[in-house]
Amino acid sequence: MNATIVVYVHSCLYQSVAMSVNWISRADRVKALPTYVFARLDELKARAREQGIDLIDLGMGNPDGSAPEPVIQAAIEALSIGQNHGYPPFEGTASFRRAITNWYKRGYNVDLNSDSEALPLLGSKEGLTHLALAYINPGDVVLVPSPSYPPHFRGPLIAGGKIHPLILKAEQNWLIDLSAIPEEVARQAKILYFNYPSNPTTATAPREFFEEVVAFARHYEIMLVHDLCYAELAFDGYQPTSLLEIPGAKEIGVEFHTLSKTYNMAGWRVGFVVGNSDIIQGLRTLKTNLDYGIFAAIQTAAETALQLPDIYIKQVQDRYRDRRDFLIQEFARLGWKIPPSKATMYLWVPCPVGSNSTDFALDVLEKTGVVVTPGNAFGEGGEGYVRISLIADRDRLGEAVRRLKQAGIRYQPEVLV
Ligand SMILES: *Cc1c(COP(=O)(O)O)cnc(C)c1O
């Protein structure tokens with residue numbers, strides 16, 4: 001290679017990693033964000049892969065397998081229709097919105113206006129975060145459970161909100177303790193986020209709890225944001241409650257749902273929000289300035305998913321329940337007693353006493369190549385736990401447990417001194 005080429009190649013390499021000049025600086029709202037834990041975990045996973053380790057990734061809530069066949073077929077057909085290739089309507093197609101409101105009628109006997117009380121989203125993460133931008137001013141007090149799904153606190157953080165964490169505890173079945181919220185904080189609070197069945201704790205909430213939350217929010221004039229993302233992933237006959245079933249909730253709240261989990265459509269990016277039309281209008285106004293909505297072919301596919309016969313839902317439930325039971329049984333042999341989760345696609349597992357959740361997750365990754373998520377990724381209230389996603393078949397889960405056993409990773413209960 002002659003010298004000129006060497007210099008040229010060198011300068012290209014240099015450019016690809018060039019630092020910015022020092023007068024370009026990121027906005028405070030970006031600087032204030034703690035690293036996204038999944039991004040950090042990705043780094044470590046990449047390093048492990050470079051070393052040739054066969055990773056068993058039970059870290060992210062990313063369902064394994066593809067979307068149901070009728071959904072794929074609907075998408076293919078929709079792809080061949082020319083008019084689907086243009087910009088979709090901002091507010092989603094009328095027929096997808098009707099499929100959403102029909103789904104609520106069928107599942108919860110809740111009546112919704114498909115024009116004003118339902119809005120399709122590019123995944124619920126997008127909607128949750130933009131809702132925060134549409135409603136939270138810098139300094140506004142926002143009530144967010146800890147642990148919780150990261151967009152529930154990162155959205156408010158980006159908006160400059162002041163987060164008052166509601167620390168959840170095992171002794172209270174991971175339910176929000178409304179009586180622990182100081183009067184002063186409750187009076188100032190603008191929004192309360194919550195999520196049952198819960199990621200990451202897997203906790204479910206009885207209907208009475210929803211009634212208490214609605215009464216509390218009405219009393220203190222707090223807007224409610226409920227995330228019902230695990231609406232269908234419930235087991236043993238348990239049927240999750242929708243916020244909108246509670247009388248008076250629709251005047252003060254909205255509820256998010258997604259196609260990502262139940263229908264294995266996480267990569268398609270489609271979800272929706274329903275509830276109070278004024279609240280939804282604020283989000284719609286912001287979004288018309290940010291995006292052009294969801295590819296029409298994906299909306300057609302999502303519509304098909306929401307209309308799938310119950311037998312499909314039952315198969316999905318059986319799959320996760322089977323994995324749940326298998327892992328709980330295998331973990332019991334390693335000393336872990338994990339109460340069976342009534343819903344979601346996770347196990348919420350206490351770390352051996354004395355180890356913090358990041359150290360424990362990293363230790364497991366290094367010794368076994370099994371990826372679990374440290375509980376503190378979901379907020380300080382998740383410390384002492386790791387979340388295991390049930391996103392591999394029995395064989396792979398069995399292999400994960402074998403490796404833990406081989407590495408001598410067991411649950412060490414508290415030693416009394
Ligand atoms: C997985 C998950 C979602 C889904 O997010 P999408 O952006 O719709 O893929 C929403 N909420 C919770 C609590 C989740 O665990």
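Where in the chain is the place of N109? It is in the loop between helix 5, residues 94-108, and strand 2, residues 118-121. I begin with this residue for its backbone geometry. Please bear in mind throughout that we are looking at a predicted model. The phi angle of N109 is near 55°, a positive value in a residue other than glycine. As background, most residues other than glycine have a negative phi, and most peptide bonds are trans.

A cis bond joins S146 and P147, with omega at about 5°. P147 is located in the loop between strand 3, residues 141-146, and helix 7, residues 151-158. Another cis bond joins Y196 and P197, and here omega is about -5°. P197 belongs to the loop that runs between strand 5, residues 191-194, and helix 9, residues 207-220.

Let me turn now to the ligand. Which residues are closest to the ligand? They are D227, Y230, T258, S260 and K261, within a surrounding set of 14 residues. By class, this shell comprises 4 nonpolar, 6 polar and 4 charged residues. Several polar contacts can be described individually. D227 places a polar side-chain atom 2.6 Å from a nitrogen atom of the ligand. T258 has a polar side-chain atom 2.6 Å from a ligand oxygen atom. For S260, too, a polar side-chain atom lies 2.6 Å from an oxygen atom of the ligand.

Three strands form an open sheet in the order 9-12-11, with antiparallel pairing. Its edges are strand 9, residues 346-350, and strand 11, residues 373-374, each of which pairs on one side only. Helix 12, residues 310-333, packs on this sheet and touches strand 9 and strand 12. The direction of helix 12 makes about 20° with that of strand 9.

How many bridges join strand 11 to strand 12? There are 2, and the two strands run antiparallel, with strand 12 spanning residues 385-389. Within this pairing, P374 has V386 of strand 12 as its bridge partner. Helix 13, residues 357-368, lies across strand 11 and strand 12, and runs at about 45° to strand 12.

Definitions and conventions: Residues numbered from 1 in each chain as written. Predicted model: local features only at pLDDT ≥ 70, side-chain atom pairs only at ≥ 80, totals over all residues. Heavy atoms only, no water. Pairing = 2+ DSSP bridges. Helix = DSSP H or I, 4+ residues; strand = E, 2+ residues; numbered from the N terminus. Contact = heavy atoms within 4.5 Å. Axes fitted to C-alpha atoms, helices over the stretch in contact; angles between N-to-C directions. Near = heavy atom within 4 Å. Polar contact = N/O pair within 3.5 Å; in protein donor to acceptor, adjacent residues only side chain to side chain. Nonpolar A, V, L, I, M, F, W, Y, C, P; charged D, E, K, R; others polar.
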